[in-house]
Amino acid sequence: PRDALNFQRLLLDAIALLAARRQDLEYAKRELAALLNITPGTDFAVVDGAEPDLLPVPFNVAELEELALINRPELREEDLKRRLTASEARMQVLSLLPNISFDAGVNYDSNDYLYNNTWADVGLQVSMNLLKPLSWPTMKELHENKVLNDEARRLSLSMAVLTQVRLSVERYRLALSDLEIARESSRVDQRLADYAKAAASTRLEGQLEVIRAETRALNSAYQRHAAYATAQAAFGRIYNSVGLTVVPGDFDGMSVDELAEVVSEHVNGVE
């Protein structure tokens, strides 16, 4: 009875492990369908192809940081805000100057007793708020504080961008290390499973060992695929941290095949 219960316990553990992995894959398939804009409920299959080789860890981190400072949209937005601040300061200076208005028009009156029923008039009006120049020191101080605030905000964003680049490179390095460990574990577990099947006998212990080894090998293969996906996502973080884009701006007039070719050429060139 104890051997039978151990056999049943092992089977239940294997089923629970495989069910958890199947659930992860089902969630991943639903997420993929949402990304591909597939109609809910449509059954589709993913072709299992060869895994592309991953790039090594970037060594030119300083160059990546420079590209990030140039390409990140957050920093571009801060540059625009700085220009707007300068434009607002010029407008405030112009508001201190006198207002000049020019009026011209042609008039007509139907009164028959007038010597001239039509006439033209031209006028020039100059006005100035005498109290507004007194606010110049306050306006100047406000502008200087706003410039300092813009510079501090841009500096903090620049530091955050540089930190993201460094962290993304380090995450990619760790992901590649985990992938290598997962690949080695998968190879070892697969060899153990093959050995267990070759050495299995009609005894219950032999069948238990085969089930245990095959379950471990299947789980290791899943972990290897997951580690590969994690490494791909880590490389994508490097791509995003640098501020690079893969979709051209004029993609509206392109077909799917043309857009795929443009994206593939761009990504290969950047890599």
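## Close-up views

**View 1. Beyond its neighbours within four places in sequence, Leu-179 is in contact with Leu-54, Arg-224, Ala-227, Tyr-228 and Ala-231.** Contact means heavy atoms within 4.5 Å. The model is predicted: local features need pLDDT of at least 70 and side-chain atom pairs count only at pLDDT 80 or more, while totals for chains, interfaces and linings use all residues. Residues are numbered from 1 along each chain as its sequence is written, and side-chain values use heavy atoms, with hydrogens and water left out.

**View 2. The largest nonpolar core has 21 residues.** Those touching the most other members are Leu-64, Val-169, Tyr-172, Leu-179, Ala-231 and Ile-238. Helix 2, helix 4 (136-199) and helix 5 each give at least two residues to this core. A separate, second core of 5 residues includes Ala-193, Ala-196, Val-210 and Ala-213. A nonpolar core is a set of buried Ala, Val, Leu, Ile, Met, Phe, Trp, Tyr and Cys residues joined through side-chain atoms within 4.5 Å. Buried means under 20% relative accessible area, exposed over 50% and partly exposed in between (1.4 Å probe, protein chains only). Helices are DSSP runs (H or I, at least four residues), numbered from the N terminus.

**View 3. Helix 1 has 34 residues.** From first C-alpha to last, helix 1 reaches 50 Å, close to the 50 Å expected at 1.5 Å a residue; the expected span is 1.5 Å times one less than the number of residues. Phe-7, Leu-10, Ala-14 and Ala-33 are buried in this helix. Just after helix 1, Asn-37 has a positive phi of about 60°.

**View 4. The largest pocket has a volume of about 970 Å³.** Of its 26 lining residues, Leu-25, Ala-28, Val-46, Tyr-222 and His-225 lie nearest the centre. Helix 1 (2-35) and helix 5 (204-242) each supply at least two residues of this lining, and the largest share, 12 residues, is from helix 1. On a 1 Å grid over the protein atoms alone, a pocket is an open set of points with protein on both sides within 12 Å along at least five of seven lines, whereas a cavity is a set where a 1.4 Å probe fits but cannot get out; lining residues have an atom within 4 Å of a point. Grid points are joined across faces, edges and corners, and a volume is the space filled by probe spheres set on the points. The lining divides into 14 nonpolar, 4 polar and 8 charged residues. Ala, Val, Leu, Ile, Met, Phe, Trp, Tyr, Cys and Pro count as nonpolar, Asp, Glu, Lys and Arg as charged, and the others, Gly among them, as polar.

**View 5. The second largest pocket holds about 350 Å³ of space.** Its lining has 16 residues, with Pro-58, Leu-64, Phe-235, Val-270 and Glu-271 nearest the centre. Helix 2 (61-71) and helix 5 are the elements that give two or more residues to this lining; the largest share, 4 residues, comes from helix 5. By class, 13 lining residues are nonpolar, 1 is polar and 2 are charged.

**View 6. The structure holds 1 cavity of 30 Å³ or more.** The lining of the largest cavity consists of Glu-78, Arg-82, Asp-150, Glu-151 and Arg-154, and by class these are 5 charged residues, with no nonpolar and no polar ones. Helix 3 (73-95) and helix 4 each provide at least two of the lining residues.
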